[in-house]
Amino acid sequence: MLETFGRRIRLNAAASLLAACAACGGAGLGAGSSAAPSSQTPNAAHATDVAGVNQTTQAARGDAKQNSKTDTKPDAGADAAQNQIVIENFTFKPATLTVKAGTKVTWVNRDDVPHTATDTDKRFNSGALDTDDRFSFTFEKPGTYDYFCALHPKMTGRIVVK
Amino acid sequence: MSETIKNSEANGDAAKVTEGAAKVTDGADEAGVIQEPRGTQESNGVGRRGFLKCMAWAGTGLVWAMNAGVLTSCNLASGAGSKGLFTFVQISDSHVGFNKDPNHDAAQTFQEAVKRINTLEEQPAFLIHTGDITQLSKPEEFDTAAQILRGARAGQIFYTPGEHDAFADEGKAYLERYGKGTRGGGWQSFDYKGVRFIGLVNVLNLKQGAGTGLGGSGFGQLGQDQLAWLADDLKGLSSSTPVVVFAHIPLWTVYADWGWGTDDGAQALGLLKRFGSVTVLNGHIHQIMQKVEGNVSFHTARSTAFPQPAPGAAPAPGPLKDVPAERLRSMLGLTSVNVLSKDGPLAVVDSTLG
């Protein structure tokens, strides 16, 4: 009996991805994909009321979350996917991440076993991350941070802070 | 519920290393395999056949008998229980707190394992837990494990931590509970009826794997302090004293890609080389693996919580998730060891929970 470590599509992961894209659109950063261009409702585009256009766009998308994201900080949504490390199949992905000083990096564990993200020089340590747990660390100082999983020390990763 | 040996050979030449692996056969209840003892043990004057007794234990399992480094097996049917000096039980990898596939209640199966211990005709002198008592070193997990073990009908319980017990705080919480009578990171030694028992700790100060070129191995490690203590502990001990060593991660390299080995394990084994009978009991890999090298026999135990894949049989060493509920207990178990006499033959019996 061979173990298959296929990925399970989790509803919550899919939902958070949608929310992140919605936030991208709402914050105007354009980093994420736009789900529903206003051209889907050409008549609404002629409306003189900007708010009306927004509302119609929302209706076209069917995404009521759009509004709730407009008052979040600009970096919260857009950066979530970029400065995130996913732990799955006993691997840190991406294995090496390069970021600017002052960036917050988030690890999320998608494995069914617990892991940690532990800096070899003890500058950060996530502690036990069970499935779907996350840990964030803001890298203020430039440098190279080699880290590993304290439970499975064969798992290694690197953050390069410029 | 029974095992077959693959390539279990002992050779008088210490230089030759042979690998022994016991695989679980799929549900088939074999009567047992009678094998010819192979190899000779000239060094201590014991002939090939030597002294061999078959032990029986609570109904199921294949019996291994160790005689001067020659691992043989005998049919359970061929002998009723023959009393040796004493027995003890190795229990391992209970992972209390684990609650995912294939076992949503590791505490429950741990409890069942303890119940099996309590059905033994002869009460074991003590239990040895070879680590990963808990899943995440949480206080409530340690509490639950302790509560379950309080129900065990056994003299005393000795422990060695697994990485799951020590990773969060370099073993502080573990030592608070189980550090009494131990040194340093929790290592210990005690004598029982002429057998020296040594508990080693190889899950502290783990170095990261070689991925980023920082020179770690991702293996377990003993450390120089512990090795110095071990050398000292063995000093003056007669080479005819049977020695039993227990530690969580295997002391020999079972599978390097998954970190299944101990960096400086060879140094410990070097210190043990002069002894006529050494038995190494490990856990960590959640399956039975055996190897004989000279006078040292290695044995890893099943987990009471979940099985793991055979080396390389999966992308990673996580729990085997697709085990049907009715088959789970056939892949969990514990190990009974019967010390037959002062001269060291040990009968190692693995059995499953169902």
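Mentor: Start with pLDDT, which is the predictor's confidence in each residue, from 0 to 100. You need it here as this is a predicted model.

Trainee: What is the mean pLDDT of chain A, then?
Mentor: The mean for chain A is 69, and 50% of its residues reach 70 or more. Over residues 1-79 of chain A the pLDDT is below 50, though the model still gives this stretch 75 contacts beyond near neighbours in sequence. Where pLDDT is low, the predicted coordinates should not be read in detail.

Trainee: How many residues does each chain bring to the contact between A and B?
Mentor: Chain B brings 28 residues and chain A brings 24. On the chain B side, that's 13 nonpolar, nine polar and six charged residues.

Trainee: Why are α1(B) and α2(B) called roughly parallel?
Mentor: The axes of helix α1 (residues 106-117) of chain B and helix α2 (residues 139-150) of chain B cross at roughly 25°, coming within 9 Å. Angles under 35 degrees count as roughly parallel, so α1(B) is roughly parallel to α2(B). The crossing of the two is right-handed.

Trainee: Which residues of α1(B) and α2(B) meet?
Mentor: From α1(B) come Ala107(B), Phe110(B), Gln111(B) and Val114(B), and they meet Thr144(B), Ile148(B) and Leu149(B) of α2(B). By class, this contact has five nonpolar residues, two polar and no charged ones.

Trainee: What makes Asp132(A) count as exposed?
Mentor: Asp132(A) has 12, so Asp132(A) counts as exposed. Asp132(A) sits in the loop between β5 (118-119) and β6 (134-139) of chain A. Its phi is near 75°, a positive value in a residue other than glycine.

Trainee: And why does Lys193(B) count as exposed?
Mentor: By the cut-off of 12 or fewer, Lys193(B) with its 12 C-beta neighbours inside 10 Å counts as exposed. Lys193(B) lies in the loop between β8 (188-192) and β9 (195-199) of chain B, and its phi, near 45°, is positive although the residue is not glycine.

Trainee: Where are the cis peptide bonds that join Lys93(A) to Pro94(A) and Asp101(B) to Pro102(B)?
Mentor: Pro94(A) is in the loop between β2 (91-93) and β3 (96-99) of chain A, and omega of its bond with Lys93(A) is about 5°. Pro102(B) is in the loop between β5 (86-91) and α1 of chain B; there omega is about 0°.

Definitions and conventions: Residues numbered from 1 in each chain as written. Chains lettered and ligands numbered in written order. Predicted model: local features only at pLDDT ≥ 70, side-chain atom pairs only at ≥ 80, totals over all residues. Contact = placed C-beta atoms within 7 Å. Nonpolar A, V, L, I, M, F, W, Y, C, P; charged D, E, K, R; others polar. Axes fitted to C-alpha atoms, helices over the stretch in contact; angles between N-to-C directions. Helix = DSSP H or I, 4+ residues; strand = E, 2+ residues; numbered from the N terminus. Parallel < 35°, antiparallel > 145°, perpendicular 65-115°, else oblique. Left-handed = near helix turned anticlockwise from the far one by under 90°. Buried ≥ 20, exposed ≤ 12 C-beta atoms within 10 Å, placed from the backbone.
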